[in-house]
Amino acid sequence: MNNFDLFNPSDEHKLLRSTVREFVAAEIEPQALECDRREMFNLSLFRKLGELGLLGITVAEPYGGAGLDPVAAVIAHEEISWSDPGFCLAYLAHAMLCANNLAQNGGEALKQRCLPKLCSGEWVGCMAMSEPHVGTDVLGMKTTALRKPDGSYVINGRKMWITNGTVDDDRTPADGCLLYAKTGEKDGRPQISTFFVEKTHPGYSVGQKIKDKTGMRASNTAELVFADCHVPATALVGNEGDSLLHMMKNLEIERVTLAAMSLGIAKRALQVMNKYAREREAFGHPLAHFGQIQKYIGDSYAEYMAARAYVYNTSRCMRLDQAGNRLDTDGVKIVASTMAKRVADRAIQVLGGYGYVGEYVVERLWRDSKLLEIGGGTLEAHEKNITNDLGRVGEALL
Ligand SMILES: Cc1cc2nc3c(=O)[nH]c(=O)nc-3n(C[C@H](O)[C@H](O)[C@H](O)COP(=O)(O)OP(=O)(O)OC[C@H]3O[C@@H](n4cnc5c(N)ncnc54)[C@H](O)[C@@H]3O)c2cc1C
């Protein structure tokens with residue numbers, strides 16, 4: 001297998017990468033700085049991702065998706081994030097957290113009705129797990145869904161930090177929200193169930209659009225309110241109490257694609273600092289002549305390549321329809337997110353004052369990279385999971 005390319009394992013992957021890269025250069029890059037400045041989610045550009053087949057990249061073709069694998073998802077996120085991590089986060093929340101989640105866990109009728117709209121971009125989707133008082137400690141969630149005698153549910157609670165929770169500044173909610181809520185207790189443990197709440201369901205609204213984020217400002221983040229929100233029995237995703245499995249499966253692809261976003265950030269930062277260090281002179285030499293600058297560039301390249309190999313190898317071994325990769329999906333998120341923040345930080349340092357302003361992009365990448373140490377699981381949560389998993393499997397894996 002001498003000619004095996006870990007980053008483009010098939011011609012289809014190669015073609016996907018070049019298609020996304022062209023789209024990024026032509027359409028995403030020109031608006032990135034402005035959307036960050038204005039804290040604006042570019043909805044019309046987002047819908048164009050549907051025309052490219054990216055919004056349902058891992059959804060099976062009969063439902064309007066592209067039916068591609070986790071490596072393809074990694075490629076798309078890496079390429080988009082190279083230019084605009086904020087926009088890419090909105091893409092991830094829709095394509096991975098909502099559409100892929102529904103595709104893997106939903107029943108036939110729900111999938112047939114909702115997935116084509118999510119895949120085309122007619123609908124914008126989000127996923128609501130976190131709450132104002134509960135993030136990492138997810139089983140402590142307070143949102144409840146009470147089953148009525150006719151099988152419908154009444155949902156009450158609030159969800160916090162929801163990417164795509166609103167699609168604009170007028171607090172218009174996402175068309176579809178994949179929501180986790182408590183439906184009771186079993187053997188002393190909370191029973192959590194998954195629902196697909198639609199914009200038309202009464203009692204579903206946006207509490208606030210969260211402004212002044214450090215980074216990821218090209219994606220909207222919102223608090224969602226569910227006040228006696230009535231949903232039909234058909235809104236239940238899978239069966240009551242299935243959410244832990246849904247979460248486990250979906251968090252794995254979420255973490256790998258968040259790690260892929262880190263790769264895009266690091267690659268861009270590395271390119272910017274490398275070019276600048278050759279063009280800018282000090283004391284009669286290009287900056288690249290100086291050992292301290294070489295350390296920034298050399299360390300960044302090596303760390304980027306190590307993270308990249310880990311992310312691609314993990315995504316290559318994953319299956320979307322089953323959990324089982326928690327150890328390495330947590331692992332890649334730690335390695336790639338911390339690497340991206342370090343590389344973006346070094347890029348600012350290499351550019352000096354120019355690195356500190358928007359035009360040279362790296363300060364935005366640095367701000368955006370911080371979220372990847374928090375969203376989709378904090379670094380501490382990943383460390384906890386890895387330690388627990390290694391405790392379970394013992395020495396076998398090491
Ligand atoms: C921009 C943005 C977008 C987001 N998008 C979404 C979204 O689309 N959907 C969604 O559901 N959520 C979303 N989130 C929420 C995100 O997943 C949570 O912020 C994250 O899980 C952490 O939860 P928390 O903020 O409540 O922090 P907490 O869980 O309160 O943690 C606070 C600190 O305590 C640490 N901590 C907690 N428990 C432990 C422990 N047992 N051991 C050691 N340390 C611990 C944490 O690691 C962290 O450092 C988003 C967040 C942001 C900022």
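Helices here are DSSP runs of H or I with at least four residues, strands are E runs of at least two, and both are numbered from the N terminus. This is a predicted model, where local features need pLDDT of at least 70, side-chain atom pairs count only at pLDDT 80 or more, and totals for chains, interfaces and linings use all residues. Residues are numbered from 1 along each chain as its sequence is written.

(Buried takes 20 or more other C-beta atoms within 10 Å of a residue's own, exposed 12 or fewer, partly exposed in between; C-beta atoms are placed from the backbone.)

Stay on Ile-28: H1 has a kink of about 50° there, shortly before the proline Pro-30. The bend is the angle between axes fitted to the seven residues ending at a residue and the seven starting there.

Next, go to Glu-39, which follows H1 and sits in the loop between H1 and H2. Glu-39 isn't a glycine, yet its phi is positive, about 50°. Glu-39 counts as partly exposed, because it has 19 other C-beta atoms within 10 Å.

For another positive phi of about 50° on a non-glycine, jump to Asp-187. Look in the loop between strand S4 (176-186) and strand S5 (189-198). Asp-187 is exposed, because it has 5 C-beta neighbours inside 10 Å.

Now colour by domain: domain 1 (11-120), domain 2 (125-241) and domain 3 (244-397), with bounds from an automatic or database domain assignment. How many residues of domain 1 are in contact with domain 2? There are 28, and they meet 21 residues of domain 2; contact puts C-beta atoms, placed from the backbone, within 7 Å. On the domain 1 side, H4 gives the largest share, 13 residues.

Last stop, the ligand. Select the 23 residues around it; Met-129, Gly-135, Thr-136, Thr-378 and Glu-380 are the closest. (A residue is near if its C-beta atom, placed from the backbone, lies within 6 Å.) Strand S1 (125-128), strand S3 (153-163) and helix H10 (379-393) each give two or more residues to this shell. Domain 2 and domain 3 both give residues to the shell, so the ligand lies between them.

Key:
Two residues are in contact if their C-beta atoms, placed from the backbone, lie within 7 Å.
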